[in-house]
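Colleague: I am new to this structure. Please take me through its sheets, helix and salt bridges.

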Amino acid sequence: GREFKEFQSVAWNEASYNERINRLLEAVKICSNELKEKEDLPDILVLEEIESIEVIKDISKRLSNNIYTYAVFIQERTSPFNTVIFSKHKIINAKAHNVYFENKALRPIIEADLLVSILGNEINLTVFAVHWKSKRDESRQVRKMQEEVLYNRMKEKEKKADFVIACGDFNQNLCDFSKMKYFNNAWNLHGRNLEEKDNEVFETVDGSYKYKDTWEKLDHIFYSNNSKITPIFFTSSSKAPLVYEGNVNRYNISTKTGYSDHLPIGILLELK
C-alpha cells in the first residue's frame, strides 16, 4: 500500500493485501484450467506490476510443495512496475535489457534461458517478458524502440535456443507491430479456439483489455517455429469472475472487490 497514492486514502491493511494475492493466484488457476482442464499452476508463470521482492515471497508462501523452484525478478529502484518469471524448469541464465528514452530507462525486457527436461528430452527455451509503455501519453515511438530491442534479441536467441517465446503487456494491438510480425502470434491460435467453443462468452470476448466498450488485444505471446515444440491452444480467460456483465472485473480499491484490468492469457505447448 505504499507505492500508489490511492491506496493511502482507503482502509488498506494486511487482510486486504493477502486477499489480492489470493485472487491473483485464483485468476492464474482459472487460466491454467482452460489450457489443461485441471486446476494447476503453469510450468512457466509471468506476472507484471509486482511492487517488490516482498510480494514475490508472499506469493511463494501460498504455493504448495514449492512448485516453482526457480524465479527471475529484477527490481527497478524507483518503480513498482516490475516483472517476475516463475519456472518449474531450471533457469540457467537471466538478464535484463534496458531501453533508454530521453536519458530515462524504460521498463526492462527480462530474458531467461531455461533447460526443460521432459521424458528424457532436453529443450533449450528462452523466455522474454515485457511490459511496454502505455498508449495514454502518445508513446508510439517509445514502443517502437522497445520492439526493436526485443526483435533483435529474439532473432539472436533463435540461433542458439530450440524455442523462443515472448509474452507480456505490449500495450498495442496486432496491427501496430512492424518487426514482431516476423514471429508467430498466439492470438491466431485463439481464432481456431473460438470456432471450437459453443459458448457465447467466448464469442463476445475477443481480447484481454476493454477500452470504451471495445475489446483490445494488448497482451501478446510471440513465438518462433520449432520442430520439437508445437503450440496447440491459447486462451484469454474470459469466464466469471474475471469478467462481469461483459466487462473486465477490475479491482476496486474502495470496495476491495474484483481482480485485474487485464485478463490473464496463456498458451499450451506440446513437446513432440
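Modeller: Some questions and answers on sheets, a helix, salt bridges and the core follow. This is a predicted model, where local features need pLDDT of at least 70, side-chain atom pairs count only at pLDDT 80 or more, and totals for chains, interfaces and linings use all residues. Residues are numbered from 1 along each chain as its sequence is written, and side-chain values use heavy atoms, with hydrogens and water left out.

Colleague: In what order do the strands of the six-stranded open sheet stand?

Modeller: Strands here are DSSP runs (E, at least two residues), as helices are (H or I, at least four), numbered from the N terminus. Two strands pair if DSSP finds at least two bridges between them. The pairing in this sheet is mixed, and the order is β4-β7-β8-β9-β13-β10.

Colleague: Which strands of that sheet stand at the edges?

Modeller: An edge strand here has a single partner, so one side of it is left without a neighbour in the sheet. That applies to β4 (90-97) and β10 (184-185).

Colleague: Which residue in β13 stands opposite G168?

Modeller: Strand β9 covers residues 163-169 and strand β13 covers 219-223. They run antiparallel, joined by five bridges. Opposite G168 stands H220.

Colleague: What angle does the direction of α4 make with that of β8?

Modeller: Helix α4 (residues 140-158) packs on the sheet, touching β4, β7 (109-118), β8 (121-131), β9 and β13. Contact means heavy atoms within 4.5 Å. Axes are lines fitted to C-alpha atoms, for helices over the stretch in contact, and angles run from 0 to 180 degrees between N-to-C directions. The angle between α4 and β8 is about 175°.

Colleague: Which residues of α4 are buried?

Modeller: Buried means under 20% relative accessible area, exposed over 50%, and partly exposed in between (1.4 Å probe, protein chains only). The cover over the buried part of α4 includes β4, β5 (100-101), β7, β8, β9 and β13. The buried residues are V142, R143, Q146, E147, L150, Y151, R153, M154 and K157.

Colleague: How many residues apart in sequence are the parts that R140 and D176 tie together?

Modeller: A salt bridge is a side-chain nitrogen of Lys or Arg within 4 Å of a carboxyl oxygen of Asp or Glu. R140 and D176 form one, with the closest N and O atoms 3.7 Å apart. R140 lies in helix α4 and D176 in the loop between β9 and β10, so the parts tied together are 36 residues apart in sequence.

Colleague: Is K159 buried or exposed?

Modeller: K159 forms a salt bridge with E156, at 3.5 Å between the closest N and O atoms. E156 counts as partly exposed, at 30% relative accessibility. K159 has a relative accessible area of 67%, so K159 is exposed.

Colleague: Where does K217 lie?

Modeller: The side chains of K217 and D206 meet in a salt bridge (3.5 Å, N to O). D206 lies in the loop between α6 (200-204) and β11 (209-211). K217 lies in the loop between β12 (214-216) and β13.

Colleague: Which residues in the largest nonpolar core touch the most other members?

Modeller: A nonpolar core is a set of buried Ala, Val, Leu, Ile, Met, Phe, Trp, Tyr and Cys residues joined through side-chain atoms within 4.5 Å. The largest has 22 residues.

Colleague: How far apart in space are V72 and I110, C-alpha to C-alpha?

Modeller: V72 is found in strand β2. V72 is buried, at a relative accessible area of 6%. Beyond its neighbours within four places in sequence, V72 is in contact with residues including T83, I85 and I110. V72 and I110 are 38 residues apart in sequence, and their distance in space is 8.3 Å.
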